[in-house]
Amino acid sequence: MASSDNTTAVTCAYFLQTKKRYCRMSVKPGRKFCGEHASLDAANQVCPTSAAKYARTPCPYDPNHSCFVSQLAKHMEKCNSKPKPLPEYIKENINVIDNNEEIKVNLGTLSDEELLAIIARVSKIHSEYVGELPVSVGRHPVLETTLASLTESRGSWRHVFQSSSILYNMAEVGVLTSGETRSTYVEFGSGRGQLSYAVGQAVDLETDALLMIDKSSPRHKHDNRYKVDGESHASIHRVRADIADVDLGQVPLVRNDTRRLVGIGKHLCGAATDLALNCLYRANNPNGLVQGVCIALCCHHQCTWRHYVGKAFFKELNLSQTDFAILRAMTSWAVCGSRQAKEHSEAVQDNEVKTSILPGRYAAMGLDIERRENIGRQCKQIIDRGRVEFLSSWPLQAKLLYYVEPDISPENVLLLAHAS
């Protein structure tokens, strides 16, 4: 909002609504507005004859700043917001399987009979194709010192313990080795790179390499700890991009090398897991470079049919896209009930059972908190079983297992695969 009140001749007359004050930028003699706001008011022109000279326009690359119309072409050549040429390994949506429109199902729209029939079918499929998952909780010696230095709590200790168990299970199936084979460990959704940092401590970076892929660039990256005199380690690389757009086989570290590939991830949410698996699959064929996969799974309610790699498994079970949407909706029961169970326990101790703890519909159907949690876990594991079948077709030996106890993380299932 432009105004000439309460401003001096040396400051901009533009009123910033969000900050409830006038812009404090300086202005040129004889002008009312600073260069940033010069294009927002036609009255800013010194005189009609000089209007063309002083006219400004928002930058086509970034409308948050402007430039003189007469200098637009020159500005676009040097603008810091000018899109940089994409590397050859970035190809939009290359790892997206199809573009089908997503179906969403509200469980409240299903009748009691329909919901109970689906639950019975879920239990039958889980019993026949998934079963009880094995428990494989362990610690890798490389992180023992770090664990000992932390207070056992639900903070950093919890995350380091999860990383330690992931490394333990990788070592158990031979996909985490030190100097025995040349490997590139690719962490998808790496964030600060805590898991890659742990892997880097367990392997020999003279022969092995680390590649981290994430669309953000967070501060305090763990891989910075490997820098010497400000220089990054030659075996540690980062790609800042969406997993959906990465052609892994064209990344220079992969394309120009013969190391085997091991895909890793810690709490790789929903569809990101499927994008990562398809990314590895494209790099694997026809050379068979991928020798292992180890991904801690989570957030199944964020899975999407267009990205899901287990479609063949669902079709084998005569499950449709709508069935997938229903299972996805019920996966939230597995973790949402944990908070409700705690509230229920506290309410019982206080001799007060809150009606919000057990919704009337579910109570009438016999679906208490514990049963819904169990059904939610079954839905998650059926979706994960489709991923196991996908990896088995590469071929890799794939399985699901519990890698930490539920009190460490309710999302405690690990997808683990290795070459025969």
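## Surface and overall make-up

Accessible areas here come from the Shrake-Rupley method with a 1.4 Å probe, and for residues only the protein chains shown count as cover. On that basis the protein chain exposes about 21500 Å², with carbon and sulfur atoms supplying 50% of it. The model is predicted, so to speak of local features a pLDDT of at least 70 is needed, side-chain atom pairs count only at pLDDT 80 or more, and totals for chains, interfaces and linings use all residues. Residues are numbered from 1 along each chain as its sequence is written, and side-chain values use heavy atoms, with hydrogens and water left out.

The chain has 13 helices and 11 strands; these are DSSP runs (helices H or I, at least four residues; strands E, at least two), numbered from the N terminus. Take the contacts (heavy atoms within 4.5 Å) between residues at least 6 apart in sequence: 69% of them join residues at least 24 apart.

## Nonpolar cores

In soluble globular proteins, nonpolar side chains tend to be buried together. A nonpolar core here is a set of buried Ala, Val, Leu, Ile, Met, Phe, Trp, Tyr and Cys residues joined through side-chain atoms within 4.5 Å. The largest one has 72 residues, and Phe 188, Leu 248, Phe 314 and Met 330 have the most contacts inside it. Helix α13 (residues 369–392) provides the largest share of this core, 7 residues. Apart from it lies another core of 33 residues, including Trp 157 and Val 404.

Who are the neighbours of Leu 248, leaving out residues up to four places away in sequence, and which does it touch? Among them are Val 186, Phe 188, Leu 211, Ile 213, Cys 279 and Ala 283.

## Pockets

Pockets and cavities are found on a 1 Å grid over the protein atoms alone: a cavity is a set of points where a 1.4 Å probe fits but cannot get out, a pocket is an open set with protein on both sides within 12 Å along at least five of seven lines, and lining residues have an atom within 4 Å of a point. Grid points are joined across faces, edges and corners, and a volume is the space filled by probe spheres set on the points.

The largest pocket comes out at about 480 Å³. Its lining has 23 residues, and Gly 189, Ser 190, Gly 191, Asp 214 and Leu 268 sit closest to the centre. Strand β8 (260–269) gives the most to this lining, with 4 residues. By class the lining splits into 9 nonpolar, 8 polar and 6 charged (Ala, Val, Leu, Ile, Met, Phe, Trp, Tyr, Cys and Pro are nonpolar; Asp, Glu, Lys and Arg charged; the others, Gly among them, polar). The second largest pocket has a volume of about 170 Å³, and its lining divides into 4 nonpolar, 7 polar and 1 charged. Helices α5 (156–172) and α6 each supply at least two residues there.

Closest to its centre, out of 13 lining residues, are Lys 380, Pro 410, Glu 411, Asn 412 and Val 413. Helix α13 gives the most to this lining, with 4 residues.

His 300 lies in the loop between β9 (290–298) and α9 (311–316). Buried or exposed, then, for His 300? His 300 is buried, because its relative accessible area is 2%. Leaving out residues up to four places away in sequence, His 300 touches Lys 380 and Glu 411, among others including Arg 328 and Asp 384.

Key. Buried means under 20% relative accessible area, exposed over 50%, partly exposed in between (1.4 Å probe, protein chains only).
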